[in-house]
Amino acid sequence: MEGTLQILFGLLGGLAVFIFGMNMMSGCLQKAAGEKMKSILALLTKNPVMGVFAGALTTAVLQSSSATTVMAIGFVSAGLMTLPQSISIILGANIGTTITAQIIAFKISDYIYLFIFAGFAASYIARSEKAKNIGQTVFAFGLLFLGIETMGDVMKPLASSPFFLNMISQVKDIPVLGVLAGTFMTLVVQSSSATIAVLQNFAQQAGPDGATSILGLAGAIPILLGDNVGTTVTALLASVGQAKDAKRTALAHCIFNISGCLLFIWLIDPSAAVIRWLSPAGPEVEVISRQIANAHTAFNIIMTCIWTPLLPYMVKLVTGIIRDGAPAPQPLSSPRYLDGKLMAQPAAALQLVSKEMARCGKLADGLLETVAGSVSLDNADLYVPVLETCSQVHELNEHITEYLADLFTAGVMGEEQADEAAGMLYLLGDFDRIVLLCRELTGMLQERIEKKYKYSKDAMKDLEKALGFLEAMYAQSLQMLCEGIPVTQGNQSVPGDAGIVPDRRAQEKKLRKRKEKVLNLSLRMRKEHRMRVSKGKCSAKLAKPFDQILNTLDRLSNSCVNFADSVVEQVLRKNSNHF
C-alpha cells in the first residue's frame, strides 16, 4: 500500500510540475513575443490555408491548443472572425499542439538541471523585460522535463506489477478501452499535452524482456486518439454563454477529432506499421516516445488535409446542427467584443479592447452630431434619448476600463503591451469626459426649452455652428484612432507603412485650427450676447445660463483637443513598435 501511494504521489507531483512548467513557458513565450503575436493573428483574415498555418504557428508559440481554440472562439463570438476562418484556425491548432510531444521525445534528461539553472540565472541577472522572459521560458522548459523525468521514475515499478500488466494487456487488446482511458485522462487533467506526455513516459517502461514497451505503439495509438477527443471539452466549455458561431466553432473542433478517432480506430495496425517505418530504428523502449509523437503529428496533419478542402461542408454541418434564432437585443452599455476568457492572451485581448473602444468612440460621435442637429429645435423630448445614450455610453466606458484593469492585475502583459493598455486607459478618460460634457450640455439645452428661455436666432445659429466644429474635430480624431494617422510620402498620402514617418504636424495643425475657430466663435458669442442684453434685445436673466452653455462648450472643445492629442500619441506609439 505504501509503495502504491508513493507511485501515485510521485505521478501527481510530476504531472503538477509538468503542467506548471508548460503554463509558465506559454505565458513567458507570449510576453517575449509581445507585438509579434499580432502579426501572427493578422494571418487570420486570409484564406483557409493561411488560417491553418496561423493556427499552427499560434499554438506553437502559445504551447497550448486549448489557448488557441479559446482565442478563436472569443474572436468569432466578438464578430472579429468569420466561422470558416475560426474553424481553419482550429484545424491548424491541432497540428501546432503536436510540437510539445515532439519536444518531449528528445532525450535531454542529462541536461534538465542545466536548463533550470541557466534559465534561472538569465532571468535573475537580466535587466530588460524581454531577456527576463526568455530566461523564464528556459527555466520553465527545464521544469517541464523535470516533471516528465519524475513521472518516468515513479512509473518504473509498474512494469513489474502483474496486476498492472494484466490491465494494460486488456487495453492493448480492446482499442475502445484505450480511447475511453485517453478521453478520461484528458477530461481530468484538461490538457492533452500533459496526458500525451504521461503516455510517452509510460510507454517507455520496458516489459519482462527489457527491450519491448509494456504498451507498444499499437496499444498507445487508441489512448492517443482518446486524448484528442478529450481536449474538445475545453472548447465546449469556452463556448458556453457565447454566440452561436462560437458554439459552432467548438462543435467543429469536436467533429474534427471525433471523426479522426472513428477513422483511425479501424486502422491502428496499418498506422502503427507506417509510423514505425517513418520513425528512427532501435529498441522499442528507446524509440516509442518518438513514435507516439510522430503518430500524434501524422494524425492531425492527415485529418487537417482531409477537412481543409471540405471546410464549406463542415460549416454547413455545424450551421445545420446549431441553427440561427432571433438575436436577443443588447443595450448599448453591454460590451460586444470583450471576452474574459482571453485574459491569458494579452495580444488578443488588447485587439478586442481596440474594437470595443472604436465602437464606444462612434457612439460618442453620434451624440455630438445629434446635439448639434437639435439645438434649433424647440422640443424637449428630443433630448431624452440623447441623455439615455450618454448614460449607456458612460457605462460601456466603465466596462472597458474594468477589463483593462483586470488585464493589468493578471500580470500577463509585456512592457510594450502594458504601455499600449495605459494609453488606452488615457483615451477612455477622454472619451468619458466628452460623453459627460455632452450630457451636461444636453441637460442645459433641455432646460432652455422647459424654462422657455428665448435666445436670439443668431446665438442659436452660432451655437449650432460651434457644435458642428467640435463634431468635425472629434470625427477626425476618431478616424485617426481607427485607421491610423495618414502619412506623407512625396506628394501622396499613404497608409502608415514601416519606415515612413507619420505627418503628425499636418494633423495637429488642422485640429488646432478647428479649436481656434471654436474659441473665437465662443468669444464672439459672449460679446454679441452682452451687446444684445445692453440694448434690451435679450433679457439680462439669460446671461448666466447662456454663459454656462458657452463654458461647457469651451470645456468640450478642450476635451476634444486632448482626445486628439492622445490619439496622435497612441498611434505613433503603435507605429514605433513596428518600425
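## Close-up views of a predicted model

View 1. At 46% relative accessibility, Lys465 counts as partly exposed. That class lies between buried (under 20% relative accessible area) and exposed (over 50%), using a 1.4 Å probe and protein chains only. This is a predicted model: local features need pLDDT of at least 70, side-chain atom pairs count only at pLDDT 80 or more, and totals for chains, interfaces and linings use all residues. Residues are numbered from 1 along each chain as its sequence is written, and side-chain values use heavy atoms, with hydrogens and water left out. Lys465 sits in helix α21 (residues 457-483). Helices are DSSP runs (H or I, at least four residues), numbered from the N terminus. Together with Lys509, Lys513 and Lys517, Lys465 forms a positive surface patch. Patch residues have over 30% relative accessible area and no salt bridge; like charges are joined within 9 Å, nonpolar side chains (Val, Leu, Ile, Met, Phe, Trp, Tyr) within 5 Å. Lys and Arg count as positive, and the charge of Lys is placed at NZ. Helix α22 (residues 504-534) gives the most to the patch, with 3 residues.

**View 2. A nonpolar surface patch around Trp266.** Leu263, Trp266, Leu267, Ile302, Ile306, Leu310 and Tyr313 make up this patch. Together they have about 700 Å² of accessible area, by the Shrake-Rupley method with a 1.4 Å probe, where only the protein chains shown count as cover for residues. Trp266 lies in the loop between α14 (244-264) and α15 (268-278). Trp266 is exposed, at 72% relative accessible area.

**View 3. Helix α12, enclosed.** Helix α12 covers residues 217-230. Of its 14 residues, 13 are buried, so the rest of the structure largely encloses α12. The expected span of a helix is 1.5 Å times one less than its number of residues. For α12 that gives 20 Å, and the end C-alpha atoms are 20 Å apart, which agrees.

**View 4. Gly414 and Gly27.** Gly414 belongs to the loop between α19 (383-410) and α20 (415-450). Gly414 is buried, with a relative accessible area of 5%. Gly27 is 387 residues away along the chain, yet the two C-alpha atoms are separated by 10.0 Å.

View 5. Side chains of opposite charge can pair when their charged atoms come close. A salt bridge is a side-chain nitrogen of Lys or Arg within 4 Å of a carboxyl oxygen of Asp or Glu. The count comes to 4. Asp245 pairs with Arg248, the closest N and O atoms being 2.8 Å apart. The two are 3 residues apart in helix α14, so about one helical turn separates them. Asp245 is partly exposed, at 27% relative accessible area, whereas Arg248 is buried, at 4%.

**View 6. Asp430 and Arg433 in helix α20.** The side chains meet in a salt bridge of 2.4 Å, N to O. Being 3 residues apart in α20, Asp430 and Arg433 are about one helical turn from each other. An α-helix has 3.6 residues a turn, so residues three or four places apart point the same way. Asp430 is buried, with a relative accessible area of 0%. Arg433 is partly exposed, at 39%.
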